[in-house]
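This report describes one protein model, part by part. Please look over the sequence and the structure before reading on.

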Amino acid sequence: IKCSHILQMKYQKFSDSESYSTLIEPYCLKLFHQRWYLLGKNKNKKNRLSIYALDRITELEETEQTFELDPDFCADNFFKNYFGVFIGDDVAPTRIVLRAYGKMIPLIRTLPKHISQKEIATTDSYSDFEYYLAPTFDFQQEILKEGHELEVIEPQSLRKKIHSELKTTLKRYQKK
């Protein structure tokens with residue numbers, strides 16, 4: 001990354017049976033949920049910024065080709081509207097309100113889920129927390145992980161998505 005060398009990489013997604021080759025301009029590394037990720041411009045995908053789990057890279061070679069890192073690029077600014085590492089052009093940042101119950105209230109207060117977190121309402125039985133971020137897959141998984149102690153209040157589209165995921169999960173546990 002410091003030398004601005006383009007990388008020749010073979011990468012295998014969990015969803016694919018075979019790896020594919022691509023050229024990457026490496027921008028930064030990010031640690032999320034005990035896994036390291038590489039953010040880089042994918043030369044085979046119209047220079048789109050993409051994220052790669054380091055443990056899914058099957059081959060890696062530094063080329064002699066160099067690139068110019070955008071002087072305005074800042075990793076913190078790039079990821080500020082995301083919960084983790086999932087990025088996507090199809091998921092825009094939006095206002096999200098989560099309602100926390102029980103032991104989740106002090107947990108979220110002392111360990112914020114995102115830098116944009118604000119506590120906007122407090123009662124004897126719950127607290128509402130506001131966020132501004134893209135509700136990508138990893139943020140949805142974070143909500144689902146908390147079970148009955150966390151509820152999506154806004155936006156309705158995210159609430160419906162979480163509801164659908166919970167219904168699908170419940171079906172797996174119902175007797176046949």
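## S19 and its surroundings

S19 touches K10, Y11, Q12 and T58, leaving out residues up to four places away in sequence; a contact here means heavy atoms within 4.5 Å. The residue sits in the loop between strand 1 and strand 2. Strands (E, at least two residues) and helices (H or I, at least four) are DSSP runs, numbered from the N terminus. S19 has a relative accessible area of 28% and is therefore partly exposed, given that buried means under 20%, exposed over 50% and partly exposed in between, with a 1.4 Å probe and protein chains only. Between the C-alpha atoms of S19 and R56, which are 37 residues apart along the chain, the separation is 8.9 Å.

The model is predicted, with local features needing pLDDT of at least 70 and side-chain atom pairs counted only at pLDDT 80 or more, while totals for chains, interfaces and linings use all residues. Residues are numbered from 1 along each chain as its sequence is written, and side-chain values use heavy atoms, with hydrogens and water left out.

## Overall layout

The protein has four helices and nine strands. Along the sequence they follow the pattern β-β-β-β-β-α-β-α-β-β-α-β-α. The C-alpha trace spans about 60 × 45 × 25 Å along its principal axes. Of the contacts between residues at least 6 apart in sequence, 56% join residues at least 24 apart.

Of the 176 residues in the protein, 38% are buried. The protein exposes about 11500 Å², and carbon and sulfur atoms supply 50% of that area; accessible areas come from the Shrake-Rupley method with a 1.4 Å probe, and for residues only the protein chains shown count as cover. There are 27 positive and 25 negative charges, and their mean positions are 8 Å apart. Lys and Arg count as positive and Asp and Glu as negative, while His and the chain ends are not counted. The place of a charge is taken as NZ of Lys, CZ of Arg, CG of Asp or CD of Glu.

The largest pocket has a volume of about 660 Å³. Among its 25 lining residues, I51, Y52, V85, F86 and I87 are the closest to its centre. A pocket is an open set of points on a 1 Å grid over the protein atoms alone, where a 1.4 Å probe fits, with protein on both sides within 12 Å along at least five of seven lines; lining residues have an atom within 4 Å of a point. Grid points are joined across faces, edges and corners, and the volume is the space filled by probe spheres set on the points.

Which strand gives the most to the lining of the largest pocket? Strand 4 does, with six residues. Strand 3 (35–42) also supplies at least two residues of this lining. S50 is found in strand 4, which covers residues 48–53. S50 counts as buried because its relative accessibility is 7%. Beyond four places in sequence, S50 touches L38, L39, G40, N42, K45 and I87.

## Helix 3 and helix 4

In helix 3 (residues 137–145), the residues D138, F139, Q140, E142 and I143 are buried. Their cover includes strand 2 (20–32), strand 6 (94–101), strand 8 (126–133), strand 9 (150–154) and helix 4. After helix 3 comes G147, with a positive phi near 60°.

Helix 4 (residues 156–173) holds I162. With a relative accessible area of 7%, I162 is buried. Apart from neighbours within four places in sequence, I162 is in contact with Q140, I143, L144 and V152. I162 and N42 are 120 residues apart along the chain, and their C-alpha atoms are separated by 31 Å.

## Backbone details

P155 lies in the loop between strand 9 and helix 4. A cis peptide bond joins E154 and P155, with omega about -5°.

S4 and H33 each have a positive phi although neither is a glycine: about 55° for S4 and about 50° for H33. S4 is in the segment before strand 1 (5–11), and H33 is in the loop between strand 2 and strand 3. Is S4 buried or exposed? S4 counts as buried because its relative accessibility is 16%, whereas H33, at 52%, counts as exposed.
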